[in-house]
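Q: I am new to this structure and would like to learn how to read its side-chain contacts. Where do we begin?

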Amino acid sequence: MPSAPAPASATQPGDAQFTGMSFKPIFENDKVRVIRARMEVGAKEALHTHASDTVVVHLSGGEIEDTANGKTVVNKWKPGDVEYEALGSSHSARNVGGPVDVVLVALK
């Protein structure tokens with residue numbers, strides 16, 4: 001079943017204003033896009049809206065301050081943790097710990 005269309009302002013990983021981050025595509029086909037991403041110490045993601053359902057697999061631990069819907073929390077991740085970012089969800093983030101390495105699996 002095809003997913004709902006992305007909001008007009010939505011972005012794919014690496015498309016929005018990201019500071020101190022790197023993105024390396026590692027696989028893509030007509031169903032999925034897989035990207036290796038790194039968030040350096042102090043890196044920031046400006047407020048952005050997700051253009052796809054995305055599964056985030058944490059390769060390293062880390063602490064990321066996340067702001068969404070007017071609330072800010074610090075998420076503490078460990079290697080192997082997995083999170084889900086829904087199509088159309090919006091947030092900003094800042095790395096408040098050590099470098100964070102993840103694999104992003106963006107569904108098309």
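A: We begin with a definition: a salt bridge is a side-chain nitrogen of Lys or Arg within 4 Å of a carboxyl oxygen of Asp or Glu. Keep in mind that this is a predicted model.

Q: How many salt bridges does a search of the whole structure find?

A: The search finds five salt bridges. One of them joins the side chains of E28 and K108, at 2.5 Å from N to O. E28 is in strand β1 (residues 18–28), while K108 is in the segment after β8 (100–107), and the two are 80 residues apart. K108 is partly exposed, with a relative accessibility of 46%.

Q: Which residue forms a salt bridge with E65?

A: The partner of E65 is R94, and their closest N and O atoms are 3.2 Å apart. E65 belongs to strand β4 (residues 62–68) and R94 to strand β7 (residues 90–95), so this pair ties together parts that are 29 residues apart in sequence. E65 is partly exposed at 22% relative accessibility, and R94 is partly exposed at 33%.

Q: Is D81 buried or exposed?

A: D81 has a relative accessible area of 18%, so it counts as buried, the cut-off being under 20%. Its salt-bridge partner is K78, with the closest N and O atoms 3.5 Å apart. K78 counts as exposed, at 53% relative accessibility.

Q: How is a pair of aromatic rings described?

A: By the distance of the centres and the angle of the planes. The count here is one aromatic pair. The ring centres of F18 and F23 are 5.3 Å apart and the planes are at 55°, so the pair is tilted. F18 is buried at 17% relative accessibility, whereas F23 is partly exposed at 26%.

How values were computed. Residues are numbered from 1 along each chain as its sequence is written. This is a predicted model: local features need pLDDT of at least 70, side-chain atom pairs count only at pLDDT 80 or more; totals for chains, interfaces and linings use all residues. Side-chain values use heavy atoms; hydrogens and water are left out. Rings of Phe, Tyr and Trp (its six-membered ring) pair if their centres lie within 6.5 Å; planes under 30 degrees apart count as stacked, over 60 as edge-to-face and the rest as tilted. Buried means under 20% relative accessible area, exposed over 50%, partly exposed in between (1.4 Å probe, protein chains only). Helices (H or I, at least four residues) and strands (E, at least two) are DSSP runs, numbered from the N terminus.
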